[in-house]
Amino acid sequence: MTIRLPAFDYLTPETLEDAAAALADPDRSVIIVAGGTDVVPKMKRRQMTPEVLVSLSKIESLRGIRRDDEGRCVLGASTTLAEIHGSSLVPEVFASAAGDVASPQIRNTATLGGNLSLDTRCNYIDMSDSWRQASGYCLKDGGDTCWVAPRSNKCWAISSSDLATVALALGGSVKLTSVRGERMVPVEELYNNDGIAYSTQAPDEILVELVLPKDCGRATYQKLRRRGSIDFPLLGVAAVVSFDDAGVCASARIVVGAVASAPLRATEAEEFVVGRSFTKEVLEEAGRLATQSVRPQDNTDTGSRYRKWMVPVFVEQALRAVADTSE
Ligand SMILES: Cc1cc2nc3c(=O)[nH]c(=O)nc-3n(C[C@H](O)[C@H](O)[C@H](O)COP(=O)(O)OP(=O)(O)OC[C@H]3O[C@@H](n4cnc5c(N)ncnc54)[C@H](O)[C@@H]3O)c2cc1C
């Protein structure tokens, strides 16, 4: 069965100012479309029914990757994931994670801004409208029950952006712009652990660029998914670690993605590993600590227990990967 798109107006502003003005329209529901790899399926399923789509495709200033005067990597929001994957200017861990998103066809179209602004996902909402109507609309869909956790008044839809997890671990910041002006926001403050209000970005704000620090330390991203050729993460662990000359951990940022409505820092595990060498026992304890605060739900491919079991495995795997590069 073909599912048709609902009717909408399509605007293609050529400047950021015009795009921001179009998004500030108080009389109509307006959203941004970049690559459309998430927006279009959602519109077909009637999860999004905007009256106006504002395409960023003609705004040249949103494209490209450069190093600024301080050596930081600045990535324009409309840069495609394929371009990021192929760029030598981008920290290796970020380029590699971009290459692990979806499939080659999607990466040729999908953008960084769309990835970092990705809506949360859940088995109960990523379905056709007729399916959702028949089973009863969930909390995120305007209903009054979360079908994942019916006694919860919170939506448990999952953050599934691979690059949000890595950008957070790297200590990145994003530039947002709207008719009210520009602001820089650390990626750490960009997300809420709430499946509905998952972003601190206002609906009329355009993500302009991501800035990644010059020195990232040793970094890795370990992604669990069913099919390596296309699937969303069931779990993603990013670790960015530095060591002193004696091989003792001097700093650590460990982020666990795709198990909550936002990528989460495993702060207890981070604090535990600093000042220690990465022995087998230390890695095991870090994995255990990182798992404590994580509560995956049964709202994606595979059961929640399996995903919870895999958290310590992937945290250990990530820490081993950054330790190994010192050899
Ligand atoms: C089969 C399939 C597999 C996928 N697998 C993965 C995966 O493994 N990992 C993963 O992370 N994602 C995955 N995705 C999701 C999606 O394709 C990517 O996240 C992609 O990067 C989204 O980018 P886009 O440009 O297509 O976004 P769009 O669909 O255009 O937009 C997505 C959202 O971001 C907003 N937006 C877009 N650009 C901006 C901007 N500059 N400023 C503010 N808001 C903006 C839009 O309004 C919309 O809400 C998958 C999708 C499909 C269909």
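**Close-up 1. Buried area between domain 1 and domain 2 in a predicted model.** Together, domain 1 and domain 2 bury about 2,100 Å² between them. Carbon and sulfur atoms carry 61% of that area. Three residues stand out on the domain 1 side: Ile158, Thr165 and Ala169. They supply 28% of the area that domain 1 buries against domain 2, more than any other three residues.

**Close-up 2. The two domains and their contacts.** Domain 1 is made of two stretches, 60-118 and 158-212. Domain 2 covers 218-324. Their centres, taken over C-alpha atoms, lie 21 Å apart. In contact across the boundary are 25 residues of domain 1 and 27 residues of domain 2.

**Close-up 3. Salt bridges and polar contacts across the interface of domain 1 and domain 2.** The rule finds three salt bridges here. Look also at the pair Asp162 and Lys223, which form a salt bridge. Their closest N and O atoms are 2.7 Å apart.

**Close-up 4. The side of domain 1 that touches domain 2.** Two helices give two or more residues each to this side: α4 (92-98) and α8 (162-170). The most comes from α8, with seven residues. By class, this side of domain 1 has 13 nonpolar residues, eight polar and four charged.

Technical notes:
Residues numbered from 1 in each chain as written. Predicted model: local features only at pLDDT ≥ 70, side-chain atom pairs only at ≥ 80, totals over all residues. Heavy atoms only, no water. Domains from an automatic or database assignment. Contact = heavy atoms within 4.5 Å. Buried area = accessible area lost by both parts, 1.4 Å probe. Salt bridge = Lys/Arg side-chain N within 4 Å of Asp/Glu carboxyl O. Polar contact = N/O pair within 3.5 Å; in protein donor to acceptor, adjacent residues only side chain to side chain. Helix = DSSP H or I, 4+ residues; strand = E, 2+ residues; numbered from the N terminus. Nonpolar A, V, L, I, M, F, W, Y, C, P; charged D, E, K, R; others polar.
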